[in-house]
Amino acid sequence: MNEAAVRRPDRAQYGVCGFLAVVGVLVIVDAARLQHIANSNDPIGPKPVPIVLGVLLLVVAVLYAVDVARGGTGEAEEGEDVDVTSSVDWRTVLTLIAAFVVNLALIEPLGWVISGTLLFWGSAFALGSRHHVRNVFIAVALALITFYAFAIGLGVNLPAGVLQGIL
């Protein structure tokens, strides 16, 4: 017997198909409940984009289910140099979690620029960079760039915190 005849379909992939279909239906249902608010700047309103995305999720779910039914499987990852037998580096994982928790706790009282700086610096530290002073400057630059990109580019005001009136 050849390899294709011996191989059975991976039935667990149908769970992924089902998940995509459920998310697609939820997106469509949620989008259908949006109020139609049209003005001269946006004549079509907010409904079409999430409805299109929901329909596309359903299409992907169906196409993926057909592929799984025909015996399609994903290729094994060959591009990464990862030792799957090594243990998890819990110090790195916990340090990254700590950086995110500190950001979460400090974003309102101190503002995005300070908490974002701590987040970016802490992430670089957790991932092994030991250029602490350089990382502080890079973290401040990233926090300021994202602060102004959200404020000016997207019209979303991130919390300024203690720097209110300065930024």
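The structure is a predicted model. The chain holds six helices and zero strands, and its order along the sequence reads α-α-α-α-α-α. Of its 167 residues, 16% count as buried.

**Overall surface and contacts**

- The chain exposes about 12200 Å², and carbon and sulfur atoms supply 67% of that area.
- Among contacts between residues at least 6 apart in sequence, 55% join residues at least 24 apart.

**Nonpolar core**

- The largest nonpolar core consists of seven residues, namely Ala99, Trp112, Val113, Leu119, Ala143, Phe147 and Ala160.
- At least two residues of this core come from H5, and at least two from H6.
- H5 gives the most to the core, with three residues.
- Tryptophan 112, a member of this core, has a list of contacts beyond its neighbours within four places in sequence that includes Leu119, Ala143 and Phe147.
- Also in contact with tryptophan 112 are Asn103, Ile107, Thr117, Phe120, Thr146, Leu158 and Pro159.

**Helix H6**

- Helix H6 covers residues 132-154.
- The 23 residues of H6 should span 33 Å at 1.5 Å a residue, and the end C-alpha atoms are 31 Å apart, which agrees with that expectation.
- Asn135, Ala139, Ala143 and Phe147 are buried in H6.
- An α-helix has 3.6 residues a turn, so residues three or four places apart point the same way.
- The cover over the buried residues of H6 includes H5.
- Glycine 155 follows H6 and has a positive phi, near 75 degrees.

- Asparagine 135 lies in helix H6 and counts as buried because its relative accessibility is 8%, where the limit for buried is under 20%.
- Beyond its neighbours within four places in sequence, asparagine 135 is in contact with Trp121, Ala124 and Ser129.
- Tyrosine 148 is also found in helix H6, but this residue is partly exposed, with a relative accessible area of 34%.
- Not counting residues up to four places away in sequence, tyrosine 148 touches Gly153 and Leu167.
- Tyrosine 148 and leucine 167 are 19 residues apart in sequence, while their C-alpha atoms are 9.0 Å apart in space.

**Helix H5 and serine 115**

- Serine 115 is found in helix H5, which runs over residues 112-126.
- With 0% relative accessibility, serine 115 counts as buried.
- Serine 115 touches Asn103, Leu106 and Ile107, when residues up to four places away in sequence are not counted.

- Val88, Trp90, Leu94, Ile97 and Val101 make a nonpolar surface patch of about 510 Å².
- Valine 101, one of the residues of this patch, lies in helix H4, which comprises residues 90-110.
- Valine 101 is partly exposed, and its relative accessible area is 48%.

Key:
Residues numbered from 1 in each chain as written. Predicted model: local features only at pLDDT ≥ 70, side-chain atom pairs only at ≥ 80, totals over all residues. Heavy atoms only, no water. Patch = residues over 30% accessible without salt bridge, like charges linked within 9 Å, V, L, I, M, F, W, Y side chains within 5 Å. Areas by Shrake-Rupley, 256 points an atom, 1.4 Å probe, with all protein chains shown as cover. Salt bridge = Lys/Arg side-chain N within 4 Å of Asp/Glu carboxyl O. Helix = DSSP H or I, 4+ residues; strand = E, 2+ residues; numbered from the N terminus. Buried < 20%, exposed > 50% of the residue type's maximum accessible area, 1.4 Å probe, protein only. Contact = heavy atoms within 4.5 Å. Expected span 1.5 Å × (residues − 1). Core = buried A, V, L, I, M, F, W, Y, C linked by side-chain atoms within 4.5 Å.
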